[in-house]
Amino acid sequence: MAEGHDGSAPVRAGDRIRAAARELFYSRGFRGVGVDEIVARAGATKPSLYRGFASKDALVVACLEDYEAGLRGRLDEALVAHPDDPQGGLVTFLDGIARRSARPGFRGCGLTNAVVEYPEADHPVRAAARDGKRALHARLAEVAGTLGARDPERLADALLLLVEGAFACGQIFGAEGPNRSLAGAAEVLIAASRA
């Protein structure tokens, strides 16, 4: 086990492998990175990788779970920061997506990238990415219900479309493109969902 960056408790090989894989997969693509490179970056061995993950695909699925947890975690943090204003929390979350996705080096949503790289409908990686997006949609629908939307599922559909659009537009246009309108567009959709 390697010591943590701050001199804290050691970091397990499996955790280092997962962290290295997340970074490499995100920057270079899931299929563009091999296990040799992952273990080298992690300072681990192949047997360590395969003790924690049955295959490279299983490691990819674990990384997708991390991406999804991070995305929903940012939503929950924004909602907690606005305890009496779920719309304010939701708009804060969406504004964060707009800003992050327009930064240099942003390479899209890891879940969406996985769907593009794994087009086979029954592939476990594609299924994990789809499950992650469904979980985000379900959370958005829960929040939409607290906003008084007539049809929370439909509002969640529209909000997820805005999010996916921001992931793409941020890369294409940068900070001065359509992403600057994401929060305002969400507010219009929320207002319309209550009418």
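Me: What does UniProt list for residues 11-71?

Reply: The entry, which is unreviewed, gives "domain: HTH tetR-type" for residues 11-71. UniProt positions follow the numbering used here, feature names are shortened, and an annotation may be inferred rather than shown by experiment. What you have on screen is a predicted model, where local features need pLDDT of at least 70, side-chain atom pairs count only at pLDDT 80 or more, and totals for chains, interfaces and linings use all residues. Residues are numbered from 1 along each chain as its sequence is written, and side-chain values use heavy atoms, with hydrogens and water left out.

Me: What makes up the span 11-71, in helix and strand?

Reply: It is 77% helix and 2% strand, with its end C-alpha atoms 24 Å apart.

Me: How many helices and strands does the protein chain have?

Reply: The protein chain has 9 helices and 2 strands, in the order β-β-α-α-α-α-α-α-α-α-α. Its C-alpha atoms fill a box of roughly 60 × 40 × 30 Å along the principal axes.

Me: Why is F30 called buried?

Reply: Buried means under 20% relative accessible area, exposed means over 50%, and partly exposed is in between (1.4 Å probe, protein chains only). F30 has 1% relative accessibility, so it counts as buried. F30 sits in the loop between α1 and α2. Leaving out residues up to four places away in sequence, its contacts (heavy atoms within 4.5 Å) include F25, L64, Y67 and Y118. F30 and V125 are 95 residues apart in sequence, yet 9.8 Å apart C-alpha to C-alpha.

Me: And why is E153 called partly exposed?

Reply: Its relative accessible area is 45%, so E153 falls in the in-between class. E153 is in helix α8, and it touches H137 and A141, not counting residues up to four places away in sequence.

Me: Which class does Q171 fall into, and how do you know?

Reply: At 43% relative accessibility, Q171 is partly exposed. Q171 is in helix α8. Beyond its neighbours within four places in sequence, it contacts S101, F106, R107 and G108. P86, 85 residues away along the chain, has its C-alpha 28 Å from that of Q171.

Me: What makes a set of residues a nonpolar core?

Reply: They have to be buried Ala, Val, Leu, Ile, Met, Phe, Trp, Tyr or Cys, joined through side-chain atoms within 4.5 Å. The largest one here has 55 residues, of which F25, I38, L59, L64 and L90 touch the most other members. Elements giving it two or more residues include α1 (13-28), α2 (35-42) and α4 (56-81). The largest share, 11 residues, comes from α4. In soluble globular proteins, nonpolar side chains tend to be buried together.

Key:
Helix = DSSP H or I, 4+ residues; strand = E, 2+ residues; numbered from the N terminus.
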